[in-house]
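Visitor: I'd like to learn how to read a model like this one, feature by feature. Could you walk me through it?

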Amino acid sequence: MKVAIIKYNAGNIHSVKIALNRLNINPIITDNKDEIISSDKVIFPGVGEAKSAMEYLKKKNIDKIISELKQPFLGICLGLQLMCNHSEENDTDCLNIFDSNVKLFPPKLKVPHIGWNTISNLKGELFNKIDENSFVYFVHSYFAEISNDTTAETNYILPFSASFQKNNFFSTQFHPEKSGNIGEQILKNFLEL
Amino acid sequence: MLSKRIIPCLDVMNGQTVKGVNFVDLRQAGDPVELAKAYAEQGADELVFLDITATIEKRETFVELVSRIAQNINIPFTVGGGIQNEKDVEKLLNAGADKISINSSAVKNPNLISKLKNQFGSQCVVVAVDAKWINNDWFVFVHGGRIPTEIRVIDWCKKATELGAGEILLTSMDHDGTKNGFAISLTKTISELVNIPVIASGGAGNSEHFAEVFTKGKADAGLAASIFHFGEIKIPDLKIYLKNKNIVIR
């Protein structure tokens with residue numbers, strides 16, 4: 001199976017690669033359009049800042065091809081946020097895949113939201129064999145609002161989207177690559193799509 | 001609900017885990033990768049690896065170790081010890097570390113925090129603070145607790161947060177190695193002062209100490225080393241104990 005990890009100016013790409021290596025998959029890390037298009041699965045990870053990430057994708061003309069892809073596609077963390085309509089982080093227009101907007105957490109509790117939190121109202125194949133209220137690992141300061149595309153919810157300060165799905169597009173706000181055995185099962189579910 | 005985190009800390013020297021009692025008297029406590037795997041399986045929420053020889057000796061062996069750890073565990077881990085600049089951080093993150101911890105180099109050059117925040121994001125910048133009670137206040141110590149500074153711990157934690165730290169790893173040198181409990185009032189003060197997570201460290205001797213630092217101390221995470229390495233507290237038992245105290249635990 002050919003798995004492509006989209007390379008852009010965000011951290012955490014190596015963690016995803018290493019996590020796939022643990023599942024005996026050796027992904028390519030690329031910002032080449034043709035390589036992305038010809039892959040069986042595409043992963044769009046990242047921890048970083050929305051505006052500069054979108055600018056990088058535009059510069060490489062990757063922004064246009066993402067929404068055209070037909071193979072299973074998984075956005076993680078910043079990846080999920082960039083797949084929404086808009087992010088408050090430096091007022092950034094995003095990829096318009098999920099009908100949701102990304103906002104900064106109000107500072108009622110500590111921000112960033114760092115650590116293990118539960119996911120509930122789980123829907124779709126990504127959460128096969130995953131129990132309601134399983135703990136997964138989050139690190140983020142911005143959150144995506146719950147919408148019709150939401151497939152998992154988490155509560156921190158307020159309820160937000162821990163996952164979206166629309167057609168072949170999947171995403172998680174949490175880091176499956178760092179979420180122990182639960183996260184490993186979610187990655188396996190994605191690879192088996 | 002966001003859970004409180006239990007974090008075993010592995011001090012590493014020449015590729016082996018060690019733990020100092022009051023920062024001296026090192027004892028061997030096993031292979032870091034094997035320990036890391038065991039902790040991840042037992043339910044540790046995160047791990048910290050500190051290269052305590054890094055300021056003196058070559059760092060390449062540590063980078064290799066970080067890479068081996070990343071290949072073997074599926075939970076987040078932080079690495080620290082002797083990190084001087086962005087280049088050091090980049091190497092460690094590329095080797096698979098999730099976060100880096102800086103201490104002396106940040107005190108010496110506070111702008112390092114904002115540089116790292118801008119380049120890698122604050123989520124991976126942990127500022128470690130070694131605190132010691134002197135003349136009725138907590139002061140920051142650097143270089144593995146060997147050198148005092150005139151900086152008050154509360155001032156430094158506030159400044160580090162403003163510069164872009166993602167978390168504070170707060171060690172009370174007075175409590176470290178004593179097994180008499182964490183520095184509750186210091187932890188509470190800092191946790192209420194800053195709007196980022198505080199990891200309490202130093203003094204854990206039993207499960208009650210963790211309950212205390214999470215409730216009275218308002219810590220987001222509790223870190224310990226030797227009591228875990230020598231099996232004095234088993235992580236599954238600790239987690240059951242805390243759950244029974246109605247503390248949110250994974």
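Predicted model: local features only at pLDDT ≥ 70, side-chain atom pairs only at ≥ 80, totals over all residues.

Visitor: Which residues is Leu20(A) in contact with, leaving aside neighbours within four places in sequence?

Guide: Those are Val3(A), Ile25(A) and Pro27(A). Look also at Leu187(A): it is 167 residues away from Leu20(A) in sequence, yet the C-alpha atoms are 8.1 Å apart in space.

Visitor: Zooming out, why is chain A said to be as compact as a globular protein of its length?

Guide: Take the secondary structure first: six helices and 13 strands in chain A. The radius of gyration is 15 Å, close to the 16 Å that the globule rule gives for 193 residues, so chain A is as compact as a globular protein of that length. Its C-alpha trace spans about 45 × 35 × 25 Å along the principal axes, and 52% of its residues count as buried. Of the contacts in chain A with a separation of 6 or more, 68% are between residues 24 or more positions apart.

Visitor: How do I read a sheet, and in what order do the four strands of the open sheet in chain A run?

Guide: In general, strands of a sheet pair through backbone hydrogen bonds, either parallel or antiparallel. Here the order is β6-β5-β7-β10, with mixed pairing. At the edges are β6 (92-93) and β10 (142-144) of chain A, each pairing on one side only. Strands β5 (residues 86-87) and β7 (residues 101-104) of chain A pair in the parallel sense over two bridges, and Ser87(A) stands opposite Val102(A) in β7(A).

Visitor: And the cores? Which residues touch the most other members of the largest nonpolar core?

Guide: Of its 83 residues, those are Leu47(B), Ile100(B), Val127(B), Val129(B), Ile168(B) and Ile199(B). Strand β7 (residues 125-134) of chain B gives the largest share, six residues. A second, separate core has 56 residues, including Ile36(A) and Met83(A).

Visitor: What covers the buried residues of helix α8(B)?

Guide: The buried residues of α8 (residues 207-215) of chain B include Phe210(B), Val213(B) and Phe214(B). Their cover includes α7 (184-193), β11 (198-201), β12 (221-224) and α10 (235-244) of chain B.

Key
Residues numbered from 1 in each chain as written. Chains lettered and ligands numbered in written order. Core = buried A, V, L, I, M, F, W, Y, C linked by C-beta atoms within 7 Å. Buried ≥ 20, exposed ≤ 12 C-beta atoms within 10 Å, placed from the backbone. Pairing = 2+ DSSP bridges. Contact = placed C-beta atoms within 7 Å. Rg over C-alpha atoms; globule rule 2.2 N^0.38 Å.
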